[in-house]
Amino acid sequence: MFADFIRPITLGFSLLRRFWPQLVALVLAGVLVGDLLMQLAAKVALANHFAGRG
């Protein structure tokens, strides 16, 4: 019974230990792309104030 609760936790930690570089790269890419899109949106808004209105 107790092993049924522990098994997913140990699996999660083993996957995190195995794939942490890919996960860090994915988070970093998401942050960078989000920042670039925010800068692009700000430039479009400065160029045309009505570009963001729908």
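This is a short talk on one protein chain and its overall form, its surface and a few of its residues.

Before anything else: this is a predicted model. Please keep that in mind throughout.

Let's start with the fold. The protein chain has 1 helix and 0 strands. That helix is α1, and it covers residues 2-47.

Now the dimensions. Along its principal axes, the C-alpha trace spans about 60 × 25 × 10 Å. How does the radius of gyration look against a compact globule of 54 residues? The globule would come in near 10 Å. The protein chain has 21 Å.

Some pairs of residues show the distances. Take L11 and L46 to begin with. They are 35 residues apart along the chain, and 49 Å separates their C-alpha atoms. Next, G12 and A51. Here the sequence separation is 39 residues, and the C-alpha atoms lie 44 Å apart in space. Then F19 and I6. Those two are 13 residues apart in sequence and 20 Å apart in space, again C-alpha to C-alpha.

What share of the 54 residues counts as buried? The figure is 0%. The chain exposes about 5,300 Å². Carbon and sulfur atoms supply 75% of that area.

Is G12 buried or partly exposed? Partly exposed, because its relative accessible area is 36%. L11 belongs to helix α1 too. With 49% relative accessibility, L11 counts as partly exposed. The cut-off for exposed is over 50%, which is why L11 stays in the partly exposed class at 49%.

Last topic: charge pairing. Side chains of opposite charge can pair when their charged atoms come close. How many salt bridges does the structure hold? The count is 1. Which side chains meet in it? Those of R7 and D4, at 3.9 Å from N to O. The cut-off is within 4 Å, so this pair qualifies. Both residues lie in helix α1. They sit 3 residues apart, about one turn of the helix. R7 is exposed, and D4 is exposed as well.

To recap. There is 1 helix and there are 0 strands. The share of buried residues is 0%. And R7 and D4 form a salt bridge through their side chains.

Technical notes. Residues numbered from 1 in each chain as written. Predicted model: local features only at pLDDT ≥ 70, side-chain atom pairs only at ≥ 80, totals over all residues. Heavy atoms only, no water. Helix = DSSP H or I, 4+ residues; strand = E, 2+ residues; numbered from the N terminus. Rg over C-alpha atoms; globule rule 2.2 N^0.38 Å. Buried < 20%, exposed > 50% of the residue type's maximum accessible area, 1.4 Å probe, protein only. Areas by Shrake-Rupley, 256 points an atom, 1.4 Å probe, with all protein chains shown as cover.
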